[in-house]
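Keep the viewer open as you read.

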Amino acid sequence: MSVLNFLQEVWRPVLEILILAVGIYYVLNFVRGTRGSAVITGFVALLLTLVIVTTVLKLAVLRWMLLTSTGLLALAAVVIFQPELRRMLAELGNLPLFNPAREERQNIEVIIQTAERLAEVRIGALLAIEQSVNLDDAVESGIGVDCEATPEMLEAIFFPNNAIHDGGVIIRGDRIAKAACIFPLTPRQDLNPSLGTRHRAAIGLSEETDAVVVVISEETGAISYAYKGQLVRGVSLEQLRSILTSILVKERQTHTFSEWLRSRRGFRSDSRPAVVGKSPPAPVKASARRQPG
């Protein structure tokens, strides 16, 4: 067999393996840290166990039932993993390949100025910046505001004793869509006990949607952000600006596919802010008390 014939017979299996490996890696990286990760692990483990048992023990009836119920299993997977599939399809829709001319520029400086003002006076805040997934379906309640997003308006909303200062704010484009929203709390049990309701709500919303959630601690004034189920604590204003720019500003004409992948996985600066579960870096000191919700 000549080298040319050998390459012609080998390249197809190699290509299939490469596509499968990339697909499996992307799916695992996508669901890692989300609510659906445990469900997917159990679902796959159950299927593999049934396949192995029916094959080894030669259980013909059960094997026939598995083969004939493939369509039902696919339908069940769509129903069970509907939130994760919706997020995945929404992110695929944001690929530069599919949206070459689309440019979304959020008013990042409004967020930065708001975080700076609230952190200085230690006023707690929870800001959810909406992207492709509509947040109305993820929040339990909220008061419609629909006004221009400005540092003054956001500061007024979160001012203590204000009627709508509890809960979070949804920022849609350059406008404040809702205030006093109750975000879903994360069910994770491996989090730092010092995390309060705001931080847990930020993680929970980022697990179910592609929103970027900025949190200002009421106790320490520390600035944190949650994205794709990961909470990074104790970031500076410059780090927050870089993070929001890398995630929200989509320069479709100049972004390469690799840059897009890095931005979807989350920005990490060289200084490496404290990830949830670790103590935040100086000058922010880790508090032993729970942060109020």
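## Around valine 169

Setting aside residues up to four places away in sequence, valine 169 touches Leu126, Leu127, Ala128, Leu154, Ile157, Phe158, Ile176, Lys178, Ala179 and Phe183. Please bear in mind that this is a predicted model.

## The nonpolar cores

Val169 also has a place in the largest nonpolar core, which holds 34 residues. Together with Val214, Ile216, Ile223, Tyr225, Leu240 and Leu244, Val169 touches the most other members of that core. Several elements give two or more residues to this core: the helices and strands in question are α6 (108-121), β1 (125-129), α7 (151-158), β3 (168-172), β4 (175-181), β5 (212-216), β6 (223-227) and α9 (237-248). Which element provides the largest share of this core? That is α6, with 7 residues.

There is also a second, separate core, this one made of 20 residues. Ala138, Leu205, Val213 and Leu231 are among them.

## Leucine 135 in its loop

Take a look next at the loop between β1 and β2 (143-148), where leucine 135 lies. Is leucine 135 buried or exposed? Its relative accessible area is 0%, so leucine 135 counts as buried.

Beyond its neighbours within four places in sequence, leucine 135 is in contact with Ala128, Glu130, Ile170, Leu205, Thr209 and Ala211. One of these, Leu205, belongs to the second core. Another, Ala128, is also touched by valine 169. As for isoleucine 171, its C-alpha lies 9.6 Å from that of leucine 135, and the two residues are 36 apart in sequence.

## Two positive phi angles

Alanine 180, in strand β4, has a phi near 55 degrees, a positive value in a residue other than glycine. Alanine 180 has a relative accessible area of 18%, and because the cut-off for buried is under 20%, it falls on the buried side.

Lysine 228 sits in the loop between β6 and β7 (230-233). Its phi is likewise positive, near 55 degrees, and lysine 228 is not a glycine either. With 12% relative accessibility, lysine 228 counts as buried.

## Cysteines

How many disulfides does a search of the whole structure find? The count is 0. In general, a disulfide is a covalent bond between the sulfur atoms of two cysteines. Cysteine 147 is buried, at 15% relative accessible area, and cysteine 181 is buried too, at 1%.

## A nonpolar patch outside

Now for the surface. Val44, Leu48, Ile52, Val53, Val56 and Leu57 form a nonpolar patch there, and their accessible area together is about 550 Å². Leucine 57 is found in the loop between α2 (36-56) and α3 (60-68). Since over 50% relative accessible area means exposed, leucine 57, at 55%, is an exposed residue.

## The chain as a whole

Stepping back, the protein chain has 10 helices and 8 strands. Of its 293 residues, 41% are buried. The accessible surface of the chain comes to about 16100 Å², and carbon and sulfur atoms account for 64% of that area.

Note on methods. Residues numbered from 1 in each chain as written. Predicted model: local features only at pLDDT ≥ 70, side-chain atom pairs only at ≥ 80, totals over all residues. Heavy atoms only, no water. Helix = DSSP H or I, 4+ residues; strand = E, 2+ residues; numbered from the N terminus. Buried < 20%, exposed > 50% of the residue type's maximum accessible area, 1.4 Å probe, protein only. Areas by Shrake-Rupley, 256 points an atom, 1.4 Å probe, with all protein chains shown as cover. Disulfide = S-S within 2.5 Å. Core = buried A, V, L, I, M, F, W, Y, C linked by side-chain atoms within 4.5 Å. Contact = heavy atoms within 4.5 Å. Patch = residues over 30% accessible without salt bridge, like charges linked within 9 Å, V, L, I, M, F, W, Y side chains within 5 Å. Salt bridge = Lys/Arg side-chain N within 4 Å of Asp/Glu carboxyl O.
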